[in-house]
Amino acid sequence: MDTSSTQDGDLTEPILIVPPPEGEETSPELEETLSDTSLTTFQRYKKATSLELYSLTKLAAPAIIMYLLNNVTSMSTQIFCGHLGNLQLAAASLGNNGVQLFVFGVMLGMGSAVETLCGQAFGAGEYPMLGIYLQRSTILLVLTGIPLTFIYIFSKPLLILIGQSKQIAGAASIFIMGLIPQIFAYACNFPIQKFLQAQSIVNPSAYIAAVMLVVHVLFTYVALYIWGWGLLGASLILSFTWWVIVVAQFVYIVTSQRTKETWTGFSAQAFSGLWPFFKLSAASAVMLCLEAWYYQILVLIAGLLPNPEIALDSLAVCQTILSWVLMISIGFNAAASVRVSNELGGGHPKSAKFSVMVVTLVSFIIAVIFAIIVLALRDVISYAFTDGETVANAVSDLTPLLALSILLNGIQPVLSGVAVGCGWQAFVAYVNVGCYYVVGVPFGCLLAFYFELGAKGIWSGMIAGMTMQTLILLWVTFRTDWNKEVEQSRNRLNKCQHKKKEDLLSN
């Protein structure tokens, strides 16, 4: 058994040195390249950029594909229900984009704690801790899913309370009841996904998502049009699909050689240290949900405008386009989180800083390309969703603001990923409250109603909030002391190691 003990901010307690998982070791090559004074500045950054782009592409590309496929899976259920009738479409849309999206945000946000801790533990070579974090997160998310279940059970009176008709609320509640198993699939899925992503293992999840999309479409067609199961059948098939995804990913973890050092079986240690883990998980959930709810609140505000139908339709078209482009940024968000947490855990401050620069620049360049495309198609882009000329004109009028939102979304989600990688979730949650709810929503209402700018006013308020948030995150990231972040990462892991030793001694 090898041990190490260093001073000056490094690890101060002996630790067990575990062999790195096959093919997944965090390499110091990027840090060495950035520190190599024998090369010119241009040569250093040229070589470092090549190394970082390779790592980034391996992470971001399959992550983007995975998120897109998961999004299409839920959307396909909505499309199938739409062919049953307008009421069924409204019910499925309300269930998917309302109640289900709320729970999705909570679970995905809480799962981000795994991204922080697993990423830093993997970078530091504390491989067995990844399996502990996975189990600990799953326990917390399953417990969180229990009170969330009551939202589903009482969805009908809740929907009526917020102004939905009894007919739509009744139909939606049937659809939502079939999504109850999906809550606990989410509780298992997101920790598993983050556990794998922390080790730069993303392709298996993308492959599973691709296969299950095909299976899901086939099963949904049979359930709705051959067996006649209706709305409840559609949502049960969606829940079933998510559970198969969970089981398939877990089977991969248990059987793969790439995870044999990070998954060492179930452990009672997962039940210890739940409170600190919960605090980080809760901060992660608040951080993400505050953003998701922001968009939903804007839609509700649009329904109060003098001509709500046109406003809602134009906003719906623009937000759908924005959500699809956002899938790319979310892929970069995951990549940024993994790269930063791995490099911090590995004690590579220069690499962490350089990773932030590269992933932000790449994401922004792609956002610029999409913004230009949207502007070029501003007069016809709405016809992919509706044939109405009035809506087309309204969308065309909103397109410059949509393009600006795309540009901001090329930066903001990536910086949020950096925040997750560093463990800044609580800070970002406070930033989101101030930028979105103190600035964005009131400013949007002022422009929409007092200055009578309608949907443009609402969207302008959203952009104001996003701009403020992006500038704050840019400022904080720019001023970050990456050596200090490395030290904090090590302190966090040291606490976990100390707790592990206490548990072993007590047994």
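**Close-up views of a predicted helical model**

**View 1. Surroundings of glutamine 197.** Not counting residues up to four places away in sequence, glutamine 197 touches Leu59, Met66, Tyr67, Glu115, Val202, Ala334 and Val338 (contact means heavy atoms within 4.5 Å). Glutamine 197 belongs to helix H7, residues 180-197; helices here are DSSP runs (H or I, at least four residues; strands are E, at least two), numbered from the N terminus. With a relative accessible area of 3%, glutamine 197 is buried (buried is under 20%, exposed over 50%, partly exposed in between; 1.4 Å probe, protein chains only). The model is predicted, so local features need pLDDT of at least 70 and side-chain atom pairs count only at pLDDT 80 or more, while totals for chains, interfaces and linings use all residues. Residues are numbered from 1 along each chain as its sequence is written, and side-chain values use heavy atoms, with hydrogens and water left out.

**View 2. The whole protein.** The protein has 17 helices and zero strands. Of its 507 residues, 53% are buried. Among contacts with a separation of 6 or more, 83% join residues 24 or more positions apart.

**View 3. Packing of H7 against H9.** The axes of H7 and H9 lie 9 Å apart at an angle of about 30 degrees (axes are lines fitted to C-alpha atoms, for helices over the stretch in contact, and angles run from 0 to 180 degrees between N-to-C directions). The two helices, H7 and H9, are therefore roughly parallel (under 35 degrees; over 145 is roughly antiparallel, 65 to 115 roughly perpendicular, the rest oblique). Residues in the contact include Phe184, Tyr186, Ile192 and Phe195 of H7, and Trp242, Trp243, Phe250 and Tyr252 of H9. The contact of H7 with H9 comprises 16 nonpolar, five polar and no charged residues (Ala, Val, Leu, Ile, Met, Phe, Trp, Tyr, Cys and Pro count as nonpolar, Asp, Glu, Lys and Arg as charged, the others, Gly among them, as polar).

**View 4. Packing of H2 against H9.** Helix H2 (residues 41-82) and helix H9 (residues 230-255) cross at roughly 165 degrees, and their axes come within 10 Å. H2 and H9 are therefore roughly antiparallel to each other. On H2 the contact is made by Asn70, Thr73, Ser74, Thr77 and Cys81, and on H9 by Leu231, Ala234, Leu238, Thr241, Trp242 and Ile245. These residues of H2 and H9 divide into six nonpolar, five polar and no charged.

**View 5. Packing of H13 against H16.** Helix H13 (residues 389-409) packs on helix H16 (residues 454-478) at about 15 degrees, with the axes 10 Å apart. That makes H13 roughly parallel to H16. Contact residues include Asp397, Leu401 and Leu408 of H13, and Lys456, Trp459 and Met466 of H16. The contact of H13 with H16 has 10 nonpolar, five polar and two charged residues.

**View 6. Two loop residues with positive phi.** Serine 200, in the loop between H7 and helix H8 (203-226), has phi near 60 degrees, a positive value in a residue other than glycine. Serine 200 is partly exposed, with a relative accessible area of 26%. Glutamate 452, in the loop between helix H15 (425-450) and H16, has a positive phi near 55 degrees. Glutamate 452 is exposed, with a relative accessible area of 69%.
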